[in-house]
Amino acid sequence: MDIAIGKVEGQATEEVYKLLCKTVKALLDGESDLIANLANVAAAVRQVTGFWWVGFYLVKEGQLVLGPFQGPVACTRIAFDRGVCGACYTRRQTIVVDDVDAFPGHIACSSGSRSEIVIPVFNRNGTVAMVLDIDSELPARFTEEDKKGLESIVRLLEKRL
Ligand code: SME
């Protein structure tokens, strides 16, 4: 599928997320395979936003296990009580970290990451099925508008779980 997306320099964030939502809707439409959908969502988010690392950690075997992602290689398993991803899973809410070095227990998969946002993805019975983890090489990169936009992408994905 050739979708006309690319990093949109200079566009207002709201416009970027509108485009991203439209793209993700089209990608998920009619496809039920979980891995295929996660892979395309990670790719679309990274392609449009240019964020450093975009990927999923899935709840498996009592921990978070690396799923489809875009960006540098990452750690494969995260305990529920470790890192920003673990905190997101345990608190069941989006966590924005402006300075990863100041977050107790942050797991440094890549020294390039300066700030991050992690969003829980719920399945139909309300349990956290996975988290969407996004890192930036810029400090304090994730605004309230990014949070809102990325959470709306996750809501689209949840309809497919
Ligand atoms: N930063 C995460 C670990 C995963 S990497 O960012 C890809 C954390 O502390 O949970």
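With a relative accessibility of 5%, Trp53 counts as buried, where buried means under 20% relative accessible area, exposed over 50% and partly exposed in between, for a 1.4 Å probe and protein chains only. The model is predicted, so local features need pLDDT of at least 70 and side-chain atom pairs count only at pLDDT 80 or more, whereas totals for chains, interfaces and linings use all residues. Residues are numbered from 1 along each chain as its sequence is written, and side-chain values use heavy atoms, with hydrogens and water left out.

The structure holds four aromatic pairs, a pair being rings of Phe, Tyr or Trp (its six-membered ring) with centres within 6.5 Å, called stacked if the planes are under 30 degrees apart, edge-to-face if over 60 and tilted otherwise. The rings of Trp53 and Phe69 are stacked, because their centres lie 5.3 Å apart and their planes meet at 20°. Trp53 belongs to strand β1 and Phe69 to strand β2, so this pair ties together parts 16 residues apart in sequence; strands (E, at least two residues) and helices (H or I, at least four) are DSSP runs numbered from the N terminus. Phe69 is partly exposed, at 27% relative accessible area, and ring pairs join Trp53, Tyr57 and Phe69 into a cluster.
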